[in-house]
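Q: I am new to this structure. How should I read its features?
A: Let us take them one at a time.

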Amino acid sequence: MKYDFDHEVLRFGTYSMKWDDDAFFKVTTPKLRLDKDTIRLNLADMDFRCAPAIARAMHRVADFENYGYTTSNSAAEYKRSIINWYRRRHNMELLPEWIIHSNGALDGVEQTILAFSKPGEGVILCRPIYRNFTNVIEKTGRHVANCQMINHGGGAYELDWEHLEAVCAQPENKVLVHCSPQNPVGRVWTREELCRVAEICRRNGVVLVSDEIHSDLIRKGVRHIPILDATEDVSNIIMVSGVNKSFNLMGLHCAYSVIPDEGLRKQFQNGYEPAMPTPFAIAGTIAAYNESVDWLDQLNEYLDNTMSFAVDYIKEKIPGVKVYLPQGSYVLWLDFSDFGYSDDVLQDIIYQKANVALQKGTSHDPENGAGFMRLCVTCSKANIRKAIDRISEAFAEYERETALVKG
């Protein structure tokens, strides 16, 4: 391979949230050990070196020796790079006026909630789903209207269409937050599914915001369909995306919302003052979309290989865990329920004995996530192997200790 994903960046002391801000994670998950020996697979943040073209762009901006105000209109190439990416990658056309810069996809989701609902009203989620959607709904004074996905087993999750119709028909529910590809279960939705979600929302006056920040992290042979390309009537649809996840540029805040409908766009923007992008964010987006497609393609190839290995190795080393290869994203949704252990016991085994940081399932599904863990395949294959070995050994050790206690 042209790019080396086997050797990771050593990130302690680089202002990294994942590696340097242990206090943040211990608030939500106090049982985490988080020392220099912890294998950290709990955050969707890759430890690989970024694409060389992006690094060169950062050097060019650093050489400006002036970092004054910047806007998304300061460089015509910024929006052009997004438009050209969707033309090449997804065979669809965007217009520059549709694109609104944001610091992250979650910013676009939050602004949709603020613009199209009122405090006390409902925002629909289909859990299990990315935990920060719940956080932002509660932060803005709305409540979650949950439409639990159906787990058919074998990694096959499906929307509960009958329940979705019912929750969308409730007049107090104003917005549906859709995750495409779905995080944490890894579903890539079909065109038919996307059309059906959009039509149900439209018929009931619900604004559909689709978070597609993982849309360029897709398994070989699988095609992601942007929500704006899935249906002709986009009058109630907002798509949020960016280079943050696919090129690991979260620290640069490189995301955007895409809103084709003029009336919807004006309401979204009313009173909205998004943070100005830094010159590094502008340059990073342009370099990612214009110069780094080969890096992304090889990253996906590496992730395909590593994730396939991880699934097979987990089944071999910890056969009691149900795990399946996702269609998209770089997360694995691990089901430990057959062990019959409480979440406290699971966390003791994985966090303390194995010293591996995963994200607890109840973060993404408060009512039905017990017994699940999310593992982010965001490091080298060697470290994934090491983490699985540690977890396997920790389970064996716990079972030996339990057997001794029982006598």
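Q: Which residues is Leu 358 in contact with, leaving aside its neighbours within four places in sequence?
A: This is a predicted model. Contact means heavy atoms within 4.5 Å. Leu 358 is in contact with Leu 32, Leu 41, Asn 42, Leu 334, Ile 350, Tyr 351, Met 373, Arg 374, Leu 375 and Ile 391.

Q: Which residues touch the most other members of the largest nonpolar core?
A: They are Leu 164, Phe 247, Leu 332 and Leu 358. This core has 109 residues. Helix 12, residues 293-317, gives the most to it: 11 residues. There is also a second, separate core of 24 residues, with Leu 125, Cys 179, Val 207 and Val 209 among them.

Q: In what order do the strands of the open sheet run?
A: The seven strands follow the order 2-10-9-8-7-3-4, and the pairing is mixed. From one strand to the next, the twist averages 25 degrees.

Q: How many bridges join strand 3 to strand 4?
A: Four, and the two strands run parallel. Strand 3 covers residues 122-125. Take Gly 122: its bridge partner in strand 4 is His 143.

Q: What lines the largest pocket?
A: Rolling a probe the size of a water molecule over the atoms shows where space is left empty. Here the largest pocket holds about 1400 Å³. Its lining has 50 residues; nearest the centre lie Asp 45, Lys 245, Leu 249, Met 250 and Gly 251. Helix 6 gives the largest share of the lining, five residues.

Methods
Residues are numbered from 1 along each chain as its sequence is written. This is a predicted model: local features need pLDDT of at least 70, side-chain atom pairs count only at pLDDT 80 or more; totals for chains, interfaces and linings use all residues. Side-chain values use heavy atoms; hydrogens and water are left out. A nonpolar core is a set of buried Ala, Val, Leu, Ile, Met, Phe, Trp, Tyr and Cys residues joined through side-chain atoms within 4.5 Å. Buried means under 20% relative accessible area, exposed over 50%, partly exposed in between (1.4 Å probe, protein chains only). Two strands pair if DSSP finds at least two bridges between them. Axes are lines fitted to C-alpha atoms, for helices over the stretch in contact, and angles run from 0 to 180 degrees between N-to-C directions. On a 1 Å grid over the protein atoms alone, a cavity is a set of points where a 1.4 Å probe fits but cannot get out, and a pocket is an open set with protein on both sides within 12 Å along at least five of seven lines; lining residues have an atom within 4 Å of a point. Grid points are joined across faces, edges and corners, and a volume is the space filled by probe spheres set on the points.
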